[in-house]
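This report examines selected local features of one protein structure. Please consult the sequence and coordinates alongside the text.

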Amino acid sequence: MPDGTDLLCTRPRGVLRGAVLTFVFAGVLATAAATGSLPRQEPAAGRAGAPPGAERAARDRAPVDSAALRRAAAAAMADGKSGKEAAEEFVSRSGDRWGAVYDKREYEEFEQSLDGSYTGVGLSAGRADGDRVRITRVRADGPAARAGLRVGDRLVSVDGHPVDGLSVSEAVALLRGDGVPGSSVALRVERGRTAWTQTLRRARLATDPVTVRRLDDGAVLIRVEAFTKGVGTRVRDAVREAPAGAGVLLDLRGNAGGLVTEAATAASAFLDGGLVATYDVEGEERAVYAEGGGDTERPLVALVDGGTMSAAELLTGALQDRGRAVTVGSRTFGKGSVQMPSTLPDGSVAELTVGHYRTPAGHAVDGRGITPDLSADERAEERARTVLSGLGGGS
């Protein structure tokens, strides 16, 4: 299972009425449009944590009727009820796994997250030991780190709500709460035989989703944690600035997506134009293309895992299908659905699944993921570096 994290990741998704807003990845915020958000006026595209059969059923289900959703929200408001809650019920009954309903504030914060900032406590959570939730990452400068929380600590409850049996996204929604900087959240934590309650204050945190460094063999490692605004250009600049002949290790592990446009720009660093992906919107097929002029000769290896999803899968599929990179790691998450925002009468916003995308070779990703060329779990980076060296990418 991928981590749940309060770094940028997949799109928050609304849950049943009476439950808090859910985020797949994040003790706090989540990202942008999972398999990538296209700009707001266009559709946003999208591991299958659910059984493959359930994913296929979701894929085959007809898209949610946005007009009917707006009518349901309007009817509820006319009866003096909450339009947002009516919309959440409508989406829940539709079975749209990635559908989401936001109030105005939530949607503004969601869009703000695309700029690389979020409100949270600076930890990631993942499922372990059956139904238990454990901390899988602690941001060094975040509230969780300052409170002494560590990777491996078990998260027992959030504000008194037990998290055992909840999905990671539901636990993450509790961590996020109202998303207001300075608001407090009480975590019940276990470490070995010791248990205690730790109260943290949420903070506004900035992310740096791109890390570039030279490896000891001369190759360049480019790690991309999310496709927020400007990331594609940073990847392209890093490739252009790399020494001549140096190979690139593109690390997309744990990258839960972001903007499709940014993933396409990143693809342009390695491709001389051409198809990146196709996607359908309510039956109409569209395409995403790379820009021309990319470096098509430099040796390239892409590292992926079960936390690689959405826009990151779109990029992986393009590089793999077009023979531009050797992919190493484990099967990716499998989120390839397309969402489109729709404003409701009360100002809230619903994002509904309207279609799915495919790789250049026509492979569907949703519920399937992408199988890398070379399988590697432990020591995957070492394996990837060996492969890159074999391609002539090291000194």
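## Basis of the report

The structure is a predicted model.

## Helix packing

Two packed helices are described by the angle between their axes and the distance between the axes. Helix α2, spanning residues 66–78, packs with helix α3, residues 83–94, at an angle of about 140°, and their axes are 8 Å apart. Angles over 145 degrees would count as roughly antiparallel, so α2 is oblique to α3. The handedness of the α2 and α3 crossing is right-handed. On the α2 side, the residues that meet α3 are Ala68, Leu69, Ala72, Ala73, Ala76 and Met77. Their counterparts in α3 are Gly83, Ala86, Ala87, Phe90 and Val91.

The pairing of helix α7 (residues 231–241) with α8 has an angle of about 10° and axes 7 Å apart. Because angles under 35 degrees count as roughly parallel, α7 is roughly parallel to α8. From α7, the contact involves Val231, Gly232, Thr233, Val235 and Arg236. From α8, Glu262, Thr265, Ala266 and Ser268 take part.

Which side chain of opposite charge is nearest to Glu262? The answer is Lys229, at a distance of 8.1 Å. A salt bridge requires a nitrogen within 4 Å of a carboxyl oxygen, so Glu262 is buried yet has no salt bridge.

When residues up to four places away in sequence are not counted, Glu262 touches Phe227, Thr228, Lys229, Gly230, Val231, Gly232 and Thr233.

## Salt bridges

How many salt bridges does a search of the whole structure find? The total is 16. One of the pairs is Arg93 with Glu89, whose side chains meet at 3.4 Å, N to O. Both residues lie in helix α3, 4 residues apart, or about one turn of the helix. Arg93 is exposed, with a relative accessible area of 62%, whereas Glu89 is partly exposed at 28%.

Asp216 forms a salt bridge with Arg385, and their closest N and O atoms are 2.7 Å apart. This pair links distant parts of the chain, 169 residues apart: Asp216 is in the loop between β14 (210–214) and β15 (220–224), and Arg385 is in helix α10. Asp216 counts as exposed, with a relative accessibility of 72%. Arg385 is partly exposed, with a relative accessible area of 23%.

The side chains of Arg223 and Asp251 also meet in a salt bridge, at 3.3 Å, N to O. Is Asp251 buried or exposed? Its relative accessible area is 3%, and the cut-off for burial is under 20%, so Asp251 is buried. Arg223 and Asp251 belong to a network of salt bridges that also links Arg213, Glu225, Arg253 and Glu381.

## Loop residues

Where does Asp159 lie? The residue is in the loop between β9 (154–158) and β10 (161–162). Asp159 is partly exposed, with a relative accessible area of 40%. Arg379 likewise has a positive phi, near 60°, and is a residue other than glycine. Arg379 lies in the loop between β23 (374–375) and α10 (380–390). Its relative accessible area is 57%, and Arg379 is therefore exposed.

Gly362 is in the loop between β22 (349–358) and β23. With a relative accessible area of 34%, Gly362 is partly exposed. Gly362 and Thr278 are 84 residues apart in sequence, and their C-alpha atoms are 7.9 Å apart in space.

Note on methods. Residues numbered from 1 in each chain as written. Predicted model: local features only at pLDDT ≥ 70, side-chain atom pairs only at ≥ 80, totals over all residues. Heavy atoms only, no water. Buried < 20%, exposed > 50% of the residue type's maximum accessible area, 1.4 Å probe, protein only. Lys, Arg positive; Asp, Glu negative; His and termini not counted. Contact = heavy atoms within 4.5 Å. Axes fitted to C-alpha atoms, helices over the stretch in contact; angles between N-to-C directions. Helix = DSSP H or I, 4+ residues; strand = E, 2+ residues; numbered from the N terminus. Parallel < 35°, antiparallel > 145°, perpendicular 65-115°, else oblique. Left-handed = near helix turned anticlockwise from the far one by under 90°.
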